[in-house]
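Here is a friendly note to read beside the model. Please have the sequence and the 3D view open as you go through the points.

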Amino acid sequence: MLFLAADLALKLTPGPDMALTLTRGMTQGFRAAWSSVLGTWAAGFVQVPLVVLGLAAIFQQSQMLFAGVKVLGALYLVYLGVRALRRCATSAQGRLSAKAGAGQDAFWQGFMTNLLNPKVFIFMVAFLPQFTDPAQGPVWLQMLTLAVISKMLGLVSGGVYAYGASRIRGWLTHNAWFMRVQDGLLGTAMLAIAGWLLLNRDPLVQPVR
């Protein structure tokens, strides 16, 4: 229960994944937002095995590797921010005609945003072992179980965000100016987050023993 409470608190914390989901839901409806959530969830098929197999420990020990993935993640956020700012400057008609591939585009945005966030790895390797007990069986199996539970909770909470955001889409269709303002704010926020990731020098978490 403590694990579920802690993980739920994490899911309620604003971040790039939530921003993408809310944006898709408000501007393109539930289907595009849900695709973004599925992309975020699918990143777990890469992250979970790497964490369980111990790659996350490398991130803890190697400043260079951590910094490299951090830069890649920040650059991808810059890409998302620039795209949002370009949408902000695009006419409503042009944006409507660009929605044909929204679902697939949203999926890969969610996937890459979550996958290229090194702090997801660091958090998992620091968080999951705290809820394991060697006396209860193989630790790797316990970590795998907890990681899968965490990802499934993320899928559920993401779906809630996607649905809630899509409910106000009708109002947005009659207020196109808000969509442009929202894209402008999102683009600015993404660039700000990318800048913070590039400039932040917070220490890595200590290896879990």
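Is the crossing of helix 2 and helix 3 right-handed or left-handed?

1. The crossing of helix 2 and helix 3 is right-handed. A crossing is right-handed if the near helix is turned clockwise from the far one by less than a right angle, and left-handed if anticlockwise. Helices are DSSP runs (H or I, at least four residues), numbered from the N terminus.

2. A word on the source: this is a predicted model, in which local features need pLDDT of at least 70 and side-chain atom pairs count only at pLDDT 80 or more, while totals for chains, interfaces and linings use all residues. Residues are numbered from 1 along each chain, and side-chain values use heavy atoms, leaving out hydrogens and water.

3. Axes are lines fitted to C-alpha atoms over the stretch in contact, with angles from 0 to 180 degrees between N-to-C directions.

4. Helix 4 (residues 44-52) and helix 10 (residues 139-166) pack at about 155 degrees, with axes 10 Å apart. Helix 4 and helix 10 are therefore roughly antiparallel, and their crossing is right-handed.

5. Where do helix 4 and helix 10 meet? Gly44, Gln47, Val48, Val51 and Val52 of helix 4 meet Trp140, Met143, Leu144, Ala147 and Lys151 of helix 10, contact meaning heavy atoms within 4.5 Å.

Methods. Helices (H or I, at least four residues) and strands (E, at least two) are DSSP runs, numbered from the N terminus. Angles under 35 degrees count as roughly parallel, over 145 as roughly antiparallel, 65 to 115 as roughly perpendicular and the rest as oblique.
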